[in-house]
Each structure stands twice: as structure tokens, then as C-alpha cells.
Amino acid sequence: MAAFTASQASVTNGSKVVTINSGESIANVRQGDFLFLAGFLVEINRGYVGAASQQYIELVKNWANSNQSSQPAVVIPTTGDFRAAVDAINNANKNVNDNFVAMQNWQTNMGSVTFTNQDGTTTTVKTLKQIESEAQTQLDTYHPHPWAMRKVEFEANRAQNNEKFAASGFVHFGKHRENGNTMEGVGSGLFIRNNIPNILGLGLSENFALTSADVKGDSPTRAAYINFNGVLVRVDAKRSTAENSGITIKFPPPEDGTRTVDLATGLSVIHATAAIAFASETDTNKVVTERFDLWGFEAFLREISDEDPFVYSCGMIQSGATQINGVYTKANISKPASFFAWYEGDSDSQGWGVNWQTASEGQRIAIASDPENNIYFNDVTGKFYQWSIRGRSIAGLGNGNWSKGGFQSNFSASQLQFGGAAQTRIRAQGASDSDVAYSVGEPYTNAKGSYEKYQPNITDRGCYLLRKLEANDNKAVNGEGFFLVCGMVSRLNRGGYHPSFNPLGSAWLKNDGSRVLWDSSQVIKPSNKAELFNSHSAVASTTTAGYSNLTGLVEHLLSGRPDGRYCDVIYSGGAGGICQDMRYLASGVSTTDFADADLKVKSSNSRGFEYLKVTKIAPLSGPTTASGVEPQLRAYSGTVFNLGIDRDNAVYYTYNLDTQEIFDVREYPQLHNIQSTTKGHVYYPATWGVNPNAVIIYQLDTDIPIAGEFNQTDVIGRPENILQCEDLKGGWVGNWLPDLPTGEAKEFRYSRKNLLAQHSWVGTDDLGLSWTPQESLAITSASNRYTHNAPETRIGVINYKAKAKCTRHSDNMPVLGSSSGLGTAWVSQSSHAHSLPYSLIGLIPIWAGGFNYNKAYPLNVVTIDHDRRIQPHTNRRIVHGAIEGLSPTFPRVVKVLDYQTEENGMAWLVYTYVEIKYDGTSWGDDNEFYPTNKQSSILDTNGNDVLAGTAIVVEPLGWIKNDK
């Protein structure tokens, strides 16, 4: 039996004194006994009572382990019986032979032996083996499974990790594969697999040999590692070598036009046919055709019990490992498929593990001894637990993006949800069997303050927490559940492609059994989206037969899209691709990371991110007014507001139907300075008169986010003709080119930088009654133009490859680290650096002679305001050296100053910028920056209006580590 037990004892590292907080008497504690505390066994020197009757135990050696507070303690009198035996031997008075047999038995047998003393009396004592056996039994009673990691040790390691890392996130991204055919890298560790439908690959499995030449990435580990609030997880499903990836990220199948969702109620219904679904549409109930899927990992603490007895390699319940540390696994058929599902309705996923309850002691020791399996024993409850991880992909409930980025845990949205209604919240699954994706009251949240079960020293940055609700009690032990959002992909649908009605469609159309494109003269012309999903639409472009290359050529099937894409392939970017890669490092952002990000932006190697634009044409009518800004302009009052155009970033053309004159708002940068409601007016030249016969060609943001390279659609044609074209009059995803066909050969400017040497396009001369492929265009890449001889009646639809913007307009931000967070002034006059100038001021750098000017200028004068912002004041200036060497051949340039900032705990790269113009004699630059919120215009030294403003890179770099 134990000589002493205490419910609460405390000791600090380096001290010999253990304080008994719970007041139990130490009267039976003897020198040489052993104290068992927090999983450690240490020898006792003595027990004593201090001031105010405080009980203490003094150790022989200083406590060498971590601080312990109010932990249960046990004193084991391990040496007492042994001392009695030694005394008996010392008191024996006969010769050695008299006690020789007893001595042998004492050393080798169980039970007890009798020694003869000097005075002829006898002493019976326990044998050495008996003492050891009883001590072990007693130790096992208070410390069973001594080979197992204890909870206190696990939590101590976790606390150290939380001190080490900036937030939850990736410790290592892992490696990935690229072979130029079926596999393409997206970012370190993440790659697409276009020969397997609806999947991505993350990291490489330990089963895959790293000798292959197509292995890429600078990660020190082949598999990815993730930190979940101090719990480190190796993301390796350890499946067959054929899969290659550490884990295969599985996505739901594409939409086929039969599902409607009412975002007011959260009700999602799958109808028998697409026709029924479209007939069911109301103001709030819509057919889902523009879906965006979120993916990430759910980590939760599971109790290993008779009801849930399996343990898994690395805690990954979707593991396919054939063995864990040498112990063979088997499929867990005691759980339904929904427990292992990647997404709601996934019936193909399966978990392989070891039944802990039936495993032998040796098997348990082999598994628990590997810390990557995240198994520990809790002495208080007497049970084993495993931190487990589930990969999840969640189909967007309705159309469009997830609140335009509000699902990231660093943003203000307190719930992980698709939209604003309670019915759109993501349901936590954890240890439960149900794979239902959405619910009203069981979501994840980033609002730490309302969760009492979390200790205040646990950081929750980077991931969502399991909401503290009674309904969530079966999801994770003590409510310890987390969700790490890793990214989002856009999904093409199975309907027929059309640039106006179904821009995310993928199929060809049908005409008497043959397959044709939307622009074919053979097609039965669709008049709305519904018709692209009915009997006129081809069989969806989906298959498991296999893909031959990255261009998307599928055996036996054809793509109806101009970019040749298929609805069941996850691409690296653009429509149907990864639109946000949100795998951020847990370690925190360094100065080198800022420099690397700046280099990526300036060399056009950042992925970028933006929302596709829809272009529309609308008539202008109603009262007009003097502009109040420029005497040569008049305006239609409030039209920008009426049409829903972005007030701060308005891009539109006003077109005179009588004279065919075009007013381009981009040529009047001074309109950016308007702060009153007149900024909502639509302007035109005063020479057109008071009530001209005019239309506006304008752009609106869609809810379709894209990243990387994407298919850009440009339309040429006179607006009066486009308004009579059934295929385009309702608008199209893309741009309008303000170069009117004249019947003569002329140059047309692409609206974006064309990344292709050639592209496809079709034209019509009969207002869309028939479309035909057009002759090859004379493309001049250096000037980003093409030459075309088009009659005045021509409407052309041009498709080519462009790249997403790398920045977005922003307020002037505080500089992280004050002046140390400032970069240098940088000027580029090069066709190679097209991303940044276009993102900032809509400028597409062009150069015919191969001129490549990129130069940095150090700052000579820097003043930072009290709130760490750079401000243009008389006595606060940002001045750089004089810019030299620019060529006047192309008279528009933009200069930038990069700096670092922090927002919501994350690191961002910011640019303040100024446009530079050449007026025939000089550039008009005064060597200064004029930071402002978003974008406005200033006067240069030549008196010209130039654009100036602030922009932030579209994606954060990662988390800021605030060292204490």
C-alpha cells in the first residue's frame, strides 16, 4: 500500500521541495521512499512540517522536470521491506552456511524466507523478488502503462510549441511532384493531379521514393506537418505508392444544374431534372452553378474506448497505412463511411488502424512510443486518448464566394460559414459519425472569448475553435476541436459553356446527336442558362477514363470551353482551379519573407487574386448636370449608384450612339478625387449636349474569384450592334475593347496582358445569328495588340490567357517596425513586369525593342507619423534619388515604394505608388511619394494629373510572431 497520497502537490524546476497543497499528513513518509508525481518517480530525503503547519517533502535531488502545479502525488515505500531484510541478514549470528539456503532463496524466489538471528530467534522477511513484484504492482496501481506518454507531459510539449509558433498553421509544407503532364505544382507541397477526378495532392507519402526527378519543393520533409494549437500532426495517409501524395484531397463532384438552395433558409434540394430545378427558382432560391469549395483539416481529441477503439497512424482517421510502427492494421468497419468522409456524401473513403482494446501490450508500446501518433494516457481518468485529424472539403452552399474571404480565421467573421445566415454555418464533425456539412447551431468559431473550456494561455490564431455548445459535447473531449482552413477552389459545372449565360460551364452543346460549340451555326441557340442544362446540352465532360496531359484532353470526351477545361479537374488557377492557397507557415514571417514576396510581385511570379468582371451595356437617360469638376464634362446624375458600379474604382466608357464617340473615364484621373455624391455620376464630354443619345459600357464585380492564369474574354463591336446580339446583350464575363471596327485593317488593344502567342476567337456579321471562327490574327506581343480587318457590323469574341491582379486598392497602412519596415523606391519600364503596373493603375507595360529597365532607388528622406503611417506633410516627406534613364517612347510609368504592415495578426506587403508621365520635354517627377487612401490624382511638376495611391498585395504572407 502507499505510505502517503495527496490530491494536490506542487514543485518547481530546480527545487528539492515539494509542497503539499491539499494538507494530507506526511507522518508515514520515510527517508528512501519514492515520490510519484506527474509521471516521474524520484527518491525522498525526508518529510517535514513548516510554518502554519504546511506539509513539505524534501527530495534527494533537485526536481529536473517542468514545473508542476496542484498535481496528484503518491509516496511508495519501495525500500522499507528491503531495509528489514538487510537488517535481518546483518543480525544473523550463525556462520554463512547456516543461512546460505535462506540467502539463495531470498535472492531468487518469490514469497518469504526465514533467517536465524544471533540469539537463536528467527526473522521472516519478504524475498527480493517479492519486494520488487509488490512494488511494481503498487506502482502500476498508481502509474499504469509506464511506457505511455502522460497527459501532463503531452500538454507541457504543447505549451512549448505554442511559445515557439506564431499561430496554428503549417510547420512544413512538404514536397510535391511536377512532370509537365499529369502533375503540376501549385505551391510548395501542393499539386494538381489531372489524371484522377476531383482531387489535389498534398505532400509526399513516406511510401514514395524521393529519387524521382519530378519531386519538387524546398521543404525539409516529404510530408506536410501542421500545428494545431501546439499539437503537431504529420499529414501522411501512407497509402499505396500509386497515389504518391502524402494525402489526397478529395472534392465533391461538379454541379449538374439539379440542385437549388435557398440561402434565406439554408434548404438545399436536389431535383429530378435541371428543368425542374430552374423552374423552382425564386428571389432567394437559386440553382447552384457557380460553386466554390473550401478545404482544410479538422483536429480533435478522441477518447479511445470500446465504442471507438481504433487508433490511426499519425492520428489520421483517413489513413490507409498497412501497419503502424510494425503493427498490422485493418479497415475500421465498426464506423460508418460518413466518419471517414472527406465531404458530405463521400462513401469511398476508409480508415485503417489498430484496435487498441484488443492490441497486445507489446503492440501498444510500439505504437505509443512514437510521438507522431499523438497518443497519451490520462492518470486522472485512467484512459487513453489520441489527437486525430480529418481532411474535409465543403461544397459552397450556394453560388459565389464565401463572403469574399470572410471565412479566414484572422478576419472579423466570427463563424466559419458560407453566407450571413445561421443556416450557412459549417457544422463541426469531430468524433461524431455524421458528415452533414451545414447546420444552425454547431459551428466552428474564431471568437475565443466565449469558450470557457479553453485555457487563457492557449493561442487560437490561425484556426477556428469548436463552439462550446451542448450539441458539440460528442465532437471532441473537453471541446478540444479545431478547423484549419487551407484553401478554396472554383468548380466548373456540367452544363454547356456560354460566355454570357454559363461562363463556368464545361460541356459542348448538342444538335441532332452531334456535339458543337456555343457559337456553331448548327447549335439550337440557347436563350438562358436553363437551356444549357437540358436536352440541348451535351453529356457532362466528366470521366474516370484518364487524362492525357495538362491541357485537359480527355479520352472520348470534348470540352466546350475556349480554354479546353473540364468540370472534374482541379486546375492550378483560373476557372475550375485553386483560387486561394491559404496554407500559412506557423513559424511566423521573417524579413526575408517580405523580400521574397516583393521580388515575386515585381517579377510577375505571384499568383494574384481577383474577381472576374461582367461587362454590361445600358442606355443613359434622365436629367444631366454640369460636372462641377471639369468644365469640358457633363454628367448623368447618380447613374454609378443606380447601376451598382464600384464608386471608388469605377471603370466605364460612355458611347455616343449618334457620333460613335467614346469617352474613357480612365483618361480623367482627376475624377478619382471627387468625394461628394457627384462621384456617383456618369460623365461624358460637354460637346455632346444636354441629353445625348448615349449608352454606358461598364463593369461589375462577379462573385467568381480566380487566381493565377485564367481565360480572359474580350469583345469587339459597336455597342448598338452588341445590344441586338442575343448571346451578348445581357452582358458577358470579360471586357469590351474600345476600338471600333471600321472596315479597315487596324490595331486592337487587348484589355489585359496576353500571355499567349495565339488565341481562339469567333465573329459574327449578322448580330449573332451565326458565328464563325475567324482568320488568324497578326499579334504583336510587344505592344499587346493584334491587327484585324473587321467590317463595321463585326462582333468578335476573343479568348486568351491573362494573369490575375497581384494587388488591390487599400487604405494607407501603419508601417510594421516603423522606418525599418520601409523598402526602396522602384521603377520599371519593361514588358516583363506587367502584373504590378496593371494592378496599380491599369497600365500594361509594352516595349518593342526589348528595353528592360528595372531600378531601385534608396530613400534619402523618410518621416513616419506618430501612428507609424507615412504621411505627406510639409515637414514629413518620403524622398528618393532622381530617376534617370527612362525612355520617352512609352510615356507612362509607375514608381512604387514597398513597405511592411500587420493587420489582424498577419503580415502584408503594401505599395504606395505614383504615376509618372512624359509630356514631350520631361517626366514631371519630383522624387517624392504622396501616400493616400486607395487612389486619387495629384498634379506633377508639369501640371498633369497623375494617379497616386496605396495598394496591398492580395494575399497575406503569413502570421506575425510577437515574441514576448
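A salt bridge is a side-chain nitrogen of Lys or Arg within 4 Å of a carboxyl oxygen of Asp or Glu. The structure holds 33 of these salt bridges. The structure is a predicted model, in which local features need pLDDT of at least 70 and side-chain atom pairs count only at pLDDT 80 or more, while totals for chains, interfaces and linings use all residues. Residues are numbered from 1 along each chain as its sequence is written, and side-chain values use heavy atoms, with hydrogens and water left out.

Residues are classed by relative accessible area: buried means under 20%, exposed over 50%, and partly exposed in between (1.4 Å probe, protein chains only). Arg561 pairs with Asp563, and their closest N and O atoms lie 2.9 Å apart. Arg561 is buried, at 6% relative accessibility. Asp563 is partly exposed, at 23%.

A second salt bridge joins Lys613 and Asp701, with 2.6 Å from N to O. This pair links distant parts of the chain, 88 residues apart. Lys613 lies in strand S37 (residues 610-620), and Asp701 lies in strand S43 (residues 694-706). Helices (H or I, at least four residues) and strands (E, at least two) are DSSP runs, numbered from the N terminus. Lys613 is partly exposed at 27% relative accessibility. Asp701 is also partly exposed, with a value of 40%.

Lys729 and Glu726 form a further salt bridge, at 3.1 Å from N to O. Lys729 is partly exposed, with a relative accessible area of 38%. Glu726 is exposed, at 51%. Elsewhere, salt bridges that share partners join Glu255, Arg259, Arg291, Asp293 and Arg491 into one network.

Strand pairing was examined next. Two strands pair if DSSP finds at least two bridges between them. Strand S39 (residues 633-636) is joined to S38 by 3 bridges. Within this pairing, Thr625 has Ala635 of S39 as its bridge partner.

Strand S15 (residues 224-228) is mostly covered, with 5 of its 5 residues buried. Both of its faces are covered. Ala224, Ile226 and Phe228 are buried on one side, and Tyr225 and Asn227 are buried on the other. S15 pairs with strand S9 (residues 169-172) in the antiparallel sense, over 3 bridges. Here Phe170 has Ile226 of S15 as its bridge partner. S15 also runs antiparallel to strand S16 (residues 231-235), with 5 bridges joining the two. Phe228 has Val231 of S16 as its bridge partner. The hairpin of S15 and S16 has 2 residues between the strands. In this hairpin, Asn229 takes a positive phi near 45°.

Helix H8 (residues 591-602) has 12 residues. The expected span of a helix is 1.5 Å times one less than its number of residues. The buried residues of H8 are Phe594, Ala597, Asp598, Val601 and Lys602. Seen down the axis of H8, they fall within an arc of 130°, so they line one face of the helix. The arc is that of the directions from the helix axis to the C-beta atoms. Elements that cover these buried residues include strand S54 (822-830), helix H11 (835-841) and strand S58 (892-903). Strand S59 (906-917) and strand S61 (945-953) are also among them. Contact here means heavy atoms within 4.5 Å. Ser604 follows H8 and has a positive phi, near 65°.

Helix H7 (residues 361-368) has Arg364, Ile367 and Ala368 buried. Seen down its axis, the buried residues of H7 fall within an arc of 90°, so they line one face of the helix. They pack against several strands, including S22 (310-311), S23 (323-324) and S24 (327-328). Strands S26 (352-355), S27 (375-378) and S28 (383-394) are also among the packing partners.
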